[in-house]
Amino acid sequence: MISLSVLALVFGVVFLAELPDKTALAGLVLGTRYRASYVFAGVAAAFLLHVVLAVAAGSALTLLPQRLVHALTGVLFLGGAAVLLFRKDDGEEEIRRPEDQSFWKVAGTGFMLILVAEFGDLTQIMTANLAARYDDPISVGVGAVLALWAVAGLGIVGGKALMRKVPLGLITKIAAVLMLALGVWSLWEAVA
């Protein structure tokens, strides 16, 4: 059974945290160079793999005592909020262009780029935290995958227009405040 409230919360938190991330910019760059559907197929597959790994790790955390899980997730959420608030923008990375524009070359480029760039990324850690926090791997997994796919789609298709309308700094601050609130809430539950 999927919990729509957990799915919506996870979607919102992961979406906001991923939007200012370098992978959204990578999707934008790939989308301007190659067929969007090919890029999205590779990127979507890589995000799905990352979410499965994160939810599995988060689900393993639920085997620990509940207070310890709340304390750990609280500290990790606060750390994630600090990372969002204090990180420096490292700019665009160079992306190698495949020799040809075939589906497998383009999708493979998108898959490998996201697979490497997102491994251990903040949103993967957040997804594991949310899976541990809510002990609802299906709702967390679906919410995180949909959020990551939405950001990828926005980056690939309409990233330039979105960045002109919504300041990246505002999106980052909203994501940090949400993570801060989740961290405080989790710590409160650990001691209450």
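**Exercise 1. Find out how many residues of helix H6 are buried.**

*Step 1.* Begin with the cut-offs: buried means under 20% relative accessible area, exposed means over 50%, and partly exposed lies in between, with a 1.4 Å probe and protein chains only. Helices (H or I, at least four residues) and strands (E, at least two) are DSSP runs, numbered from the N terminus.

*Step 2.* Count along the helix: 11 of the 13 residues of H6 are buried, so by these cut-offs H6 is mostly covered. Among them are Leu 122, Met 126, Leu 130 and Arg 133.

*Step 3.* Keep in mind what you are looking at: this is a predicted model, where local features need pLDDT of at least 70 and side-chain atom pairs count only at pLDDT 80 or more, while totals for chains, interfaces and linings use all residues. Residues are numbered from 1 along each chain as its sequence is written, and side-chain values use heavy atoms, with hydrogens and water left out.

**Exercise 2. Compare the reach of H6 with the expected span.**

*Step 1.* The expected span of a helix is 1.5 Å times one less than its number of residues.

*Step 2.* H6 covers residues 122-134 and reaches 18 Å from its first C-alpha to its last, close to the 18 Å expected.

*Step 3.* Now try H1, residues 4-18: its 15 residues reach 21 Å, close to the expected 21 Å.

**Exercise 3. Describe the surroundings of Gln 124.**

*Step 1.* List its neighbours, where contact means heavy atoms within 4.5 Å. Leaving out residues up to four places away in sequence, Gln 124 touches His 50, Leu 53, Ala 54, Glu 118 and Phe 119.

*Step 2.* Look for a polar contact, that is, a pair of N or O atoms within 3.5 Å; within protein, one must be able to donate a hydrogen and the other to accept it, and residues adjacent in sequence count only if both atoms are side-chain atoms. The side chains of Gln 124 and His 50 make such a contact, at 3.0 Å.

**Exercise 4. Examine the phi angle of Asp 135.**

*Step 1.* Asp 135 sits in the loop between H6 and H7, just after H6.

*Step 2.* Its phi is near 45°, a positive value in a residue other than glycine. Most residues other than glycine have a negative phi.

*Step 3.* With a relative accessible area of 52%, Asp 135 is exposed.

**Exercise 5. Work out where Val 13 lies and which distance separates its C-alpha from that of Leu 178.**

*Step 1.* Val 13 is found in helix H1. A relative accessible area of 3% makes Val 13 buried.

*Step 2.* Other buried residues of H1 include Val 6, Val 10 and Phe 15.

*Step 3.* The C-alpha atoms of Val 13 and Leu 178 are separated by 6.8 Å, although the two residues are 165 residues apart along the chain.

**Exercise 6. Summarise the whole protein chain.**

*Step 1.* The protein chain has eight helices and zero strands, giving the pattern α-α-α-α-α-α-α-α along the sequence.

*Step 2.* Of its 192 residues, 44% count as buried.

*Step 3.* Among contacts with a separation of 6 or more, 92% come from residues 24 or more positions apart.
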